[in-house]
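Visitor: I would like to go through this structure and ask what stands behind each label. Please set the values against the definitions.

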Amino acid sequence: MRTQVGIIGAGPAGLLLAHLLHQQGIQTVVLESRSQEYVQKRVRAGVLEHDSVELLKAHGLGERLEREGLRHEGTLLRFGGQTHRIDFPSLTGGKSVTVYGQQEVVKDLIQARLESGAALHFEAQGLRVAGLKTDQPTISYLEHGQERTIHCDYIAGTDGFHGICRDAIPKGVLKVFERTYPFAWLGILAKAPPSSNELIYANHERGFALHSMRSPTITRNYLQVAPDENLENWSDQRIWQELQQRLETSEGFELVTGEIFEKGITPMRSFVVEPMQYGRMFLAGDAAHIVPPTGAKGMNLAINDVKILSSALIQKYQNGSGTALEQYSLHCLRRVWRAQYFSWWMTSMLHRHDLSDPYEHKLQLAQLEQVVSSRAQAQVLAENYVGMLDPRG
């Protein structure tokens, strides 16, 4: 078997890359170790930046997004018993974000891929790559117990943080930058209409809370907990009571509750590898970097990686220039580190690192007061949240 670009991982990064290349007549094969059902139900990020939405729409992926996505023109910061709104359009020249779950983006991409008739293989077991420094790297896997090998011009490693691609790069090649935070998020999905038209980020003396949504009938809520927290200790009643307490305001706030149909604990981590390429394999999305979810940057970074990588590959195939491919890491990492900073800033400002330290909490409240009282500070938050462009490209 032979293809031009072999793509490992059928998340938003891999599927979008395949879609963009297919539209330009570049042959791709997408391989995914999980089942289609698992991939489509995997709940991840839910906020799309302005430019991510425009990219999806420009490439024929906006029909359901425009119909079902929830456009948000601001977000709410809640602290000291008060609520403060950050107005995105007035601070960013009219930009906004759209709440549309990552699994919904994946569903749209899978449908587009299947309709195109291009190769998409789920449950590809035993995936491995070889010959990355040669001009014909290979991907091998098992299909119904039989060994298959695909010869490629290039390989895209879009298989997530726990995938095989990054680990296939020889030790000592990649430089790793990481930070583990002393807290985690307990997240729930509930059959309940949103209690607010926009996301609520709350800094409370008991810890951070976030009220979000996935649709007009499904809410997504988070609580800061200890990284070793036992989920069994959190009954549905306890979760709702804690959310109500942390989201409370002096004016009163009534959290709409409902049946919790999914709950889990997510560790908080920052992670980047440099470079994002080795030989003829390019890493994109979570395979190369992880950000705390506070800044809503994970899926958007993956989309930006793919935008850069697809453009570089198209340039190579259409005019033979490999310059953009050689500079792939450089161009991606500019945005990656800006997103790392913004995610760290939001996380540090909103979470209690030490619940027993009242001095730290007072500093956070002072910082939040500055954000909501200074247009310049509010603009920094808004521009980064909706996806400020890198002026250097």
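Guide: In this predicted model, L77 has Y201 in β13 as its bridge partner. Strands here are DSSP runs (E, at least two residues), helices likewise (H or I, at least four), numbered from the N terminus.

Visitor: What makes β5 and β13 a pair?

Guide: Two strands pair if DSSP finds at least two bridges between them. Four bridges join β5 to β13, so the pair qualifies. The two strands run parallel.

Visitor: Which sheet holds β5 and β13, and in what order?

Guide: An open sheet of eight strands, ordered β6-β5-β13-β14-β15-β12-β16-β19. The pairing is mixed.

Visitor: Why are β6 and β19 called edge strands?

Guide: Each of them, β6 (82–87) and β19 (289–290), pairs on one side only.

Visitor: How do you know that β19 pairs with β16?

Guide: Two bridges join β16 to β19. The rule asks for at least two, so β16 and β19 count as paired. They run antiparallel, and V272 has H289 in β19 as its bridge partner. Between β12 and β16 there are 14 bridges, again antiparallel. There, L186 stands opposite I265 in β16.

Visitor: Which residues of α7 are called buried, and what do they pack against?

Guide: Buried means under 20% relative accessible area; exposed means over 50%, with partly exposed in between (1.4 Å probe, protein chains only). In α7 the buried residues are I239, W240, E242, L243, Q244, R246 and L247. They pack against β5, β12, β13, β14, β15 and β16. Contact means heavy atoms within 4.5 Å.

Visitor: Why is L355 called exposed?

Guide: L355 has a relative accessible area of 51%, and the cut-off is over 50%, so L355 is exposed. L355 is found in the loop between α10 (328–350) and α11 (358–373). Not counting residues up to four places away in sequence, L355 touches E205, R206 and G207. L355 and G207 are 148 residues apart in sequence, yet 7.4 Å apart in space, C-alpha to C-alpha.

Visitor: What makes a group of residues a nonpolar core?

Guide: The members are buried Ala, Val, Leu, Ile, Met, Phe, Trp, Tyr and Cys residues, joined through side-chain atoms within 4.5 Å. The largest such core has 75 residues, and L16 and L48 have the most contacts inside it. Helix α8 (298–319) gives the most to this core, with ten residues. Apart from it lies another core of 33 residues, among them V97, W185, A296 and F342.

Visitor: How do you know that the chain matches a compact globule?

Guide: The globule rule is 2.2 Å times the number of residues to the power 0.38, and the radius of gyration is taken over C-alpha atoms. With 393 residues, the rule gives a value near 21 Å; the chain has 21 Å, which agrees. Buried residues make up 55% of the 393.

Visitor: What are the ground rules for these values?

Guide: Local features need pLDDT of at least 70, and side-chain atom pairs count only at pLDDT 80 or more, while totals for chains, interfaces and linings use all residues. Residues are numbered from 1 along each chain as its sequence is written, and side-chain values use heavy atoms, with hydrogens and water left out.
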